[in-house]
Amino acid sequence: MAESLFDNAAPLPCDLLVRADAVITQDDDRRILTDAGVAVGGGLVLEVGDYADLDARYEPAQRLDMAGRMLMPGLVNGHTHLPMTLLRGFADDLPLMDWLQDHIWPVEAQLDEELLGIGARLGCAELIRTGCTAFLNGYFHEHVTGEAASACGLRAVLGEGFFAFPSPFFPTAEACWDTIRRLEERFADDPLVRTAVTPHAAFTVPPKLLETSYELAESLDIPWQTHLAESPTETSVCLGKYGMRPVEILRSCGLLSPRVTLHHCVDVEEMEIAQLAASGTNVVHNPASNLKLCSGMSPVQSLLDAGVNVGLGTDGASSNNQLNMFRDMGLAALVGKVRHGDASAVNAQTALDMATRNSASCLGWPELGRIEAGRPADMIALDLSSPNLMPVFNHVSHAVYAATGMEVCMTMVAGEVLYLYGEFRTLDVQGLRREADRAAKWVRRASGK
């Protein structure tokens with residue numbers, strides 16, 4: 001046999017060589033590799049393939065043996081409000097409008113940056129522990145969440161929220177514009193943190209301000225995101241105010257485009273779905289939050305069939321009550337089947353796509369959500385020795401239907417390990433627990449409960 005040209009080649013250097021029983025790549029072919037490895041260098045995936053081949057070709061500075069584990073891309077949370085971890089379990093079992101107006105907004109009005117920082121760090125810890133490596137946020141004093149994410153090693157897209165009416169954070173919606181510009185400048189050189197323009201919703205921000213905020217997003221070339229069509233009640237409010245349904249409000253203002261990500265889209269009709277698809281507008285499905293607030297079930301399979309890019313999000317911990325993308329993956333698949341009366345609707349591969357590749361596009365960060373050469377080395381590992389993951393017939397099925405998130409034993413972003421076998425490497429979790437206890441006492445005082 002002729003000798004290969006590579007037989008005597010010097011080994012290639014890399015920062016890290018990871019070994020695993022299986023790798024769910026989420027590449028265009030959705031390859032699943034067994035006895036596989038991933039070579040990492042400069043924060044990127046250099047190569048993914050057979051471990052023996054990679055071991056022969058690379059000379060790594062470090063090795064990470066994940067035998068008995070399954071690697072997959074880090075999950076991408078397409079919609080959340082990280083500091084709302086402070087309100088987890090605070091106002092349960094209420095419909096959307098009562099929950100917001102009578103309970104959430106009054107307490108939020110009293111939050112300061114110190115408390116927001118505690119909530120953001122709590123959220124980061126939960127995301128890291130349950131295998132989420134990037135998130136699209138919407139809240140207030142977003143620089144606090146950005147600093148927490150950057151320090152923890154997570155990717156974040158920050159959206160400073162605003163309303164038409166005065167809030168404790170901005171006297172007018174326009175007063176938020178300078179804050180958004182400063183936020184963009186503040187994180188311009190941070191490889192992990194980006195920004196977005198984030199009006200709250202079509203029923204709390206009038207059309208003219210929605211248009212102006214979109215112009216700001218265009219001028220900064222950043223995403224524009226908002227809650228939309230979250231419930232039939234919201235639709236009724238929009239019809240009463242403007243004589244239009246939520247999607248029609250945005251369409252009439254020219255606010256449907258690939259730059260736009262809409263959260264929820266529960267109460268949408270067939271014609272509206274076609275408009276979303278034709279415009280390239282993104283949608284993020286939030287099944288746990290929609291179920292808990294009794295907002296309804298989004299017609300996800302209809303959106304997907306029409307060609308809409310549908311991502312997946314947890315929403316905030318006060319309406320979920322978790323930031324666990326594994327739970328929402330499973331719910332997305334199960335709810336999708338019931339919503340459409342079809343056991344094949346929103347299948348496991350579709351749910352995984354929503355939580356990885358599709359959500360990455362919703363963030364305006366399409367290079368995320370897959371393990372592929374040239375892509376960011378954002379990966380997680382699941383322990384296949386967990387009883388609920390044995391035996392293995394279908395790795396994607398296990399990720400969506402069987403995993404709980406607690407099987408995550410490694411979380412990596414840009415080639416840096418943030419969590420490994422129970423150890424948080426970028427967070428003081430014990431100290432964070434003490435801070436959370438202090439914050440809980442504050443919430444009780446602020447709410448008068």
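How many nonpolar, polar and charged residues does the lining of the largest cavity have, by class? I looked this up in a predicted model. The lining has 12 nonpolar, 6 polar and 3 charged residues.

**Entry 1, cavities.** I found 2 cavities of 30 Å³ or more in the structure. The largest holds about 270 Å³ of space. I listed its 21 lining residues, and H81, L100, W105, H200 and H227 are the closest to its centre. I then checked which elements supply the lining: α2 (96–108) and β7 (155–162) each give at least two residues. With 6 residues, α2 gives the most.

I turned to the second largest cavity, with a volume of about 50 Å³. Its lining consists of G74, V76, T133, E367, L368, G369, R370, P376 and D378. By class I have 3 nonpolar, 3 polar and 3 charged residues for this lining.

I looked at the largest nonpolar core, which has 118 residues; M72 and L250 touch the most other members. Helix α3 (residues 113–129) contributes the largest share of this core, 8 residues. For L250 I noted contacts with A202, L210, W224, T226, L228, L255, L256 and L262, leaving out residues up to four places away in sequence. I also noted a second, separate core of 22 residues, including V48, L71, M412 and V417.

I traced an open sheet of 8 strands with mixed pairing, in the order β3-β2-β1-β4-β13-β14-β15-β16. Its edge strands, β3 (44–50) and β16 (423–424), each pair on one side only. I followed β1 (residues 12–24) against β2 (residues 32–41): the two pair in the antiparallel sense over 8 bridges. I24 has I32 of β2 as its bridge partner.

Conventions
Residues numbered from 1 in each chain as written. Predicted model: local features only at pLDDT ≥ 70, side-chain atom pairs only at ≥ 80, totals over all residues. Heavy atoms only, no water. Core = buried A, V, L, I, M, F, W, Y, C linked by side-chain atoms within 4.5 Å. Buried < 20%, exposed > 50% of the residue type's maximum accessible area, 1.4 Å probe, protein only. Helix = DSSP H or I, 4+ residues; strand = E, 2+ residues; numbered from the N terminus. Contact = heavy atoms within 4.5 Å. Pairing = 2+ DSSP bridges. 1 Å grid on protein atoms, 1.4 Å probe; cavity = no way out; pocket = protein on both sides within 12 Å on 5 of 7 lines; lining within 4 Å. Points joined across faces, edges and corners; volume = space filled by probe spheres on them. Nonpolar A, V, L, I, M, F, W, Y, C, P; charged D, E, K, R; others polar.
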